[in-house]
Amino acid sequence: MLSFSAKTKQELCRVSVASPCCAVAEAYGFLLFANLFSGSEIRLVTSSEEIAKRLPPLFARAFEIDIRKTETEQGKRHTFHITDRAQLDRIFHVLGYDWPRGAGCHLHRNVIEEDCCRASFLRGVFLTSGTVAGPEKKTHLELSTTHQALSREVMSLMLDMDMSPKIGTRKSLALLYFKDTESVEDFLTLIGAPLAAMAIMEGKVEKQLRNSINRTVNCEAANVIKASSAAAKQVMAIRQAMESGGEDVFPESMRETVRLRLEYPAASLNELAAQFDPPLSKPGLSYRLRRIVALAEQVNGQKKEEEL
């Protein structure tokens, strides 16, 4: 079963590249976060069949070169290994590098000046190095690279685009990440994955609804337990008091309430109040029962003193 990240990348691979400049920008995202990007060789490795199919036409449109898979490992890891001098020179020329040595370590902003190109660049970055948690999990999207300086430069770019990623490390990796749902939704929508963004939004709403229902159920359960406990306390106090002298221990004005409480020992205040003719209000019944319990406890206390 495909992970949510894999499904998101499948969606992104269906995005058409509208212009050569956006093709260059997306390919640049792939290259900067590639397994190897240097003046002497480039190596791109992916386990995604969709990404492997996207790379050749993308590089053909961006750089007018023909790249092919050099190998497919067992487990379907596809490798593109570029060492041809003419192809390397063409790539670095289009990207505007005067000297390609160490080119993969830094972001050249002149390649991604337009908003559409910046979105395409980030799509390439995510397709190469991104992961995103599914809607059923805690919100998390991250981009990883082994180059600390590159991570900071991409963060600066994203800040200029009104995004606020956090930066961190995990072992040898530098990370840019979001943990709030809104930022993840905005990022995915920007790079061309609105369906994935919608799934995360729907997951958030579902979680909020489920939590609201759980809180309501828990609150109602607590109220039932509280009401049952209060009713049991009332019945016990009344019965203990009546062991001394029956209903006569209570004034005439309280006896109807005493009888109804004993007749309906598990009834809530609303249910018990409805048994009166005419029905009582809930506050009025609550006041009567407090007086009855107080009198019953007084009678029971006196009984214990006499027994001693």
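Residues are numbered from 1 along each chain as its sequence is written, and side-chain values use heavy atoms, with hydrogens and water left out. Because the model is predicted, local features need pLDDT of at least 70 and side-chain atom pairs count only at pLDDT 80 or more, while totals for chains, interfaces and linings use all residues.

**Exercise 1.** Work out how helix 5 is oriented relative to helix 6, and which residues make the contact.

*Solution.* Begin with the elements themselves: helices (H or I, at least four residues) and strands (E, at least two) are DSSP runs, numbered from the N terminus. Helix 5 covers residues 115-129 and helix 6 covers residues 148-160; their axes come within 12 Å and cross at roughly 140°. Here axes are lines fitted to C-alpha atoms, for helices over the stretch in contact, and angles run from 0 to 180 degrees between N-to-C directions. Angles under 35 degrees count as roughly parallel, over 145 as roughly antiparallel, 65 to 115 as roughly perpendicular and the rest as oblique, so helix 5 is oblique to helix 6. Next, look for contacts, which means heavy atoms within 4.5 Å: helix 5 contributes Arg118, Phe121 and Leu122, and helix 6 contributes Val154, Leu157, Met158 and Asp160. Sorted by class (Ala, Val, Leu, Ile, Met, Phe, Trp, Tyr, Cys and Pro are nonpolar; Asp, Glu, Lys and Arg are charged; the others, Gly among them, are polar), this contact of helix 5 with helix 6 has 5 nonpolar, no polar and 2 charged residues.

**Exercise 2.** Describe the largest nonpolar core and the surroundings of leucine 95.

*Solution.* A nonpolar core is a set of buried Ala, Val, Leu, Ile, Met, Phe, Trp, Tyr and Cys residues joined through side-chain atoms within 4.5 Å. The largest has 62 residues, and those with the most contacts inside it are Phe59, Leu95, Phe121, Phe187 and Leu188. Helix 2 (residues 20-32) gives the most to this core, namely 9 residues. Leaving aside residues up to four places away in sequence, leucine 95 touches Val24, Tyr28, Leu31, Phe37, Phe63, Asn110 and Val111.

**Exercise 3.** Locate aspartate 162 and lysine 171, and decide whether each is buried or exposed.

*Solution.* Aspartate 162, in the loop between helix 6 and strand 7 (166-170), has a positive phi near 65°, and its relative accessibility of 74% makes aspartate 162 count as exposed. Lysine 171, in the loop between strand 7 and strand 8 (173-178), has a positive phi of about 55° although it is not a glycine, and at 86% relative accessibility lysine 171 also counts as exposed.

Conventions:
Buried means under 20% relative accessible area, exposed over 50%, partly exposed in between (1.4 Å probe, protein chains only).
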